[in-house]
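Let's take a walk through this model together, starting with the overall picture and then stopping at a few spots along the chain.

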Amino acid sequence: IYNLSIENKNLYKIIEKQEFFCVLVDLPITNSKTSSVSINHYSAQYDVAKKTLMENHFIDRVLYIAGGAGGYITNRRLDAMKKLQEECNFELLVEYCDFNENKAREITIKNAEKVNAIVCASDLMAIGTVFALTEMDIFRPVCGFDGIRLMGYTRIAMNTVKQDFNEKSKQAFDELARLLKGEKGQHIEIPYEVCKIDYMDVIQK
């Protein structure tokens, strides 16, 4: 099961009853018949945002463009931003964007003048943000999340969290096979990397 929403009570009931073998991707619920596979979204969001803020001076107002309201991943990443806010003492403005590039562009146009850094919960939203800033002819440090190669075509090297999506899905199916053999559910944490994706990195691969 991918992208399980907190509001989806029926699927949660199925998982709790343990009548089926389940593997949850990006949701750390486990029981005897359920495994989970995920990166640590809290630490990943904290790490990429902190790196971006530390690389720039005088950051005191941050716009966080989050994914879908109510999702587990969104909540964990937002918790990380709140922790970073406590440590670094900046104002935090949160806008929900449903991982939509165009919505991120619109949110950026509306709020960019009020902040001096923008943290995005996905690379697609970061791309929308960068193009909005270009239209406005202003600069703000921006970081994304996911590590997709398309980000390199913005010609702006942005920090991001690189996930191995293929490995995540492979691990999920390996876990399902393990459960079917009668073994107990467990949590598998996939490593991530905080990096920059530059245009030259894309065209040289």
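Of the 205 residues in the protein chain, 45% are buried, meaning under 20% relative accessible area, whereas exposed is over 50% and partly exposed is in between (1.4 Å probe, protein chains only). Keep in mind that this is a predicted model, where local features need pLDDT of at least 70, side-chain atom pairs count only at pLDDT 80 or more, and totals for chains, interfaces and linings use all residues. Residues are numbered from 1 along each chain as its sequence is written, and side-chain values use heavy atoms, with hydrogens and water left out.

As for the fold, you'll find seven helices and nine strands in the protein chain; these are DSSP runs numbered from the N terminus, helices being H or I with at least four residues and strands E with at least two. The radius of gyration is 18 Å, close to the 17 Å from the globule rule for 205 residues, so the chain is as compact as a globular protein of that length. (That radius is taken over C-alpha atoms, and the rule is 2.2 Å times the number of residues to the power 0.38.) Along its principal axes, the C-alpha trace spans about 60 × 40 × 30 Å.

Now for contacts, which means heavy atoms within 4.5 Å. Among those in the protein chain with a separation of 6 or more, 65% link residues 24 or more positions apart. Take I6, in the segment before helix 1 (9-17). Beyond its neighbours within four places in sequence, I6 touches Y12, G70, G71, Y72 and N75. I6 counts as partly exposed because its relative accessibility is 29%.

Next, look at strand 7 (residues 158-162), where four of the five residues are buried. Strand 7 pairs with strand 9 (residues 193-197) in the antiparallel sense, over five bridges; pairing takes at least two DSSP bridges between the strands.

The protein chain exposes about 10,600 Å², with carbon and sulfur atoms supplying 52% of it; accessible areas come from the Shrake-Rupley method with a 1.4 Å probe, and for residues only the protein chains shown count as cover. L124, L150, Y153, M200 and I203 make a nonpolar patch of about 460 Å². I203 sits in helix 7 (residues 199-203), and its 42% relative accessibility is why I203 counts as partly exposed. Patches are made of residues with over 30% relative accessible area and no salt bridge, with like charges joined within 9 Å and nonpolar side chains (Val, Leu, Ile, Met, Phe, Trp, Tyr) within 5 Å; a salt bridge puts a side-chain nitrogen of Lys or Arg within 4 Å of a carboxyl oxygen of Asp or Glu.
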